[in-house]
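Have the sequence and the model open side by side as you read.

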Amino acid sequence: MKKALSMLLMLVLLVGMLAACGPKREAEQKPAEGKKGTEQTAEEPKPEKLVIWEDKDKSKDWLPAAIKSFEEEYGIKVEFKELNMADKIRDQLRLDGPSGNAPDVVTLPHDQIGQVVTEGLIQEIKVDDEVLKTYSDSSITAQMYDGKLYGLPKATETPVFIYNKALMDKAPETMDDLYAFSKDFTKGGNYGFLALWDNFYFAHGPIAGMGGYVFNEKDGALDRDDVGLNNEGAVEGTAYIQKWYKDGLFPKGIIGETGGAAMDGLFNEGKAASVMNGPWAFQGMKDAGIDIGVSAMPKLPNGEPVKTFMGVKGWHVTQFTKNPYWSTKLIEHLSNDENSKARFEAVQEIPANVALVEDPVIADNEGAKAVALQSQYAVPMPNIPEMAEVWGPMASALQTVASQKAEPKAALEDAVKTIKTNIETNHPAK
């Protein structure tokens, strides 16, 4: 009798253990996967609706069609709203997130990623390697923070070499060639080449090309304590910048906050043969009646490329969504080759999709092709919050160098000292 009772108790315990394990085993089953196999622990139930916040005036002629194809494939309704990407989306997310009115997907410039991650506004995403291979390595790097992926690339931009075909036959291959052209051309209020090199966004190109860097990379993340803006290469690059001002090849009027407008005016009036500027300037130049040519930047005197800053706009899943799986599927869909091509044709922002570089829609577009080529040498702007402490001190240093009020080494030493002090004060180490 005792033996039978003991066996019965053991059987009851075994059944209880199996029942307790049941839900866990079910959760561990391989999830259903969509076309690209988003890596998730389990596929969520389909929501009735997902909401996107897209950039202002950037949805026409492509986003409704992309949404329609997503709805047809997955049976999930999608709505979108336009907000200014540079600031409004981030600021509104701070308000709408805690109140329960946040969207599922937003678009942001990559240099905001560190800040919005720190604030808990967007979340890490996980996608298959096959999805990652869709985009250039640098554009994926730009979407990462602290070694984790927080978005998929939507568009890239970087400064390129733009010239007036009526004043310059073709783009020079080297900056030495451009310098020689400028020495001959610059007279009577005309200039051979202009660049806003008192602005660190543009000055980063020659500085990094000579060996300077903002934050060094360590273990897959940017090291805020390793600032390379006063190393030998940075000093050499800044001295090269100063040479153009010192030799009278750049006018004093393009130093300071009004420099951009002054440079644009000279080029659009046919008084500057070439400039360093971004794709955002193309249309204004064409509207001014300038027949422009566009290429990657000429090589520096040391034989290295001008390592411009690259900006990458991306799609992100908010921290507040109740549907991270389907939100991730949505951003995969929005940034696939087909929809990225349609978006380029509609808004002329260059996609990061590697397959589109050779597509005639890009390859036959001189401006887009130049941006794609220059992007191979470009460096994503650091997206850690500490980058906010770099812009001001570097602008001050470059302006004093450009106006011959300081030598490069001394100006950069002061700038880096200020940068490090501000980082320690405003961004206490964890």
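1. Start with Glu-54, which sits in strand S1, spanning residues 49-55. Keep in mind that this is a predicted model. Is Glu-54 buried or exposed? Its relative accessible area is 0%, and buried means under 20%, so Glu-54 counts as buried.

2. Who does Glu-54 meet in there? Leaving aside residues up to four places away in sequence, Glu-54 touches a set of residues including Trp-62, Lys-81, Thr-107, Trp-315 and Arg-343. Lys-154 is also one of those it touches, and the side chains of Glu-54 and Lys-154 make a polar contact at 2.8 Å.

3. Next, have a look at helix H9 (residues 232-246) and helix H16 (residues 391-402), whose axes come within 9 Å and cross at roughly 45°. On the H9 side, the contact involves Thr-238, Ile-241, Gln-242 and Tyr-245; H16 brings Leu-398, Val-401 and Ala-402. Sorted by type, the residues of this contact are five nonpolar, two polar and no charged.

4. Then there's helix H10 (residues 259-268), where the buried residues are Gly-259, Met-263, Leu-266 and Phe-267. Why do they end up on the same side of H10? Because they cover an arc of only 95° around the axis.

5. What do those buried residues of H10 pack against? Their partners are strands S7 (160-164), S10 (274-277) and S11 (292-295), along with helix H11 (282-287).

Conventions: Residues numbered from 1 in each chain as written. Predicted model: local features only at pLDDT ≥ 70, side-chain atom pairs only at ≥ 80, totals over all residues. Heavy atoms only, no water. Helix = DSSP H or I, 4+ residues; strand = E, 2+ residues; numbered from the N terminus. Buried < 20%, exposed > 50% of the residue type's maximum accessible area, 1.4 Å probe, protein only. Polar contact = N/O pair within 3.5 Å; in protein donor to acceptor, adjacent residues only side chain to side chain. Contact = heavy atoms within 4.5 Å. Axes fitted to C-alpha atoms, helices over the stretch in contact; angles between N-to-C directions. Nonpolar A, V, L, I, M, F, W, Y, C, P; charged D, E, K, R; others polar. Arc of directions from axis to C-beta.
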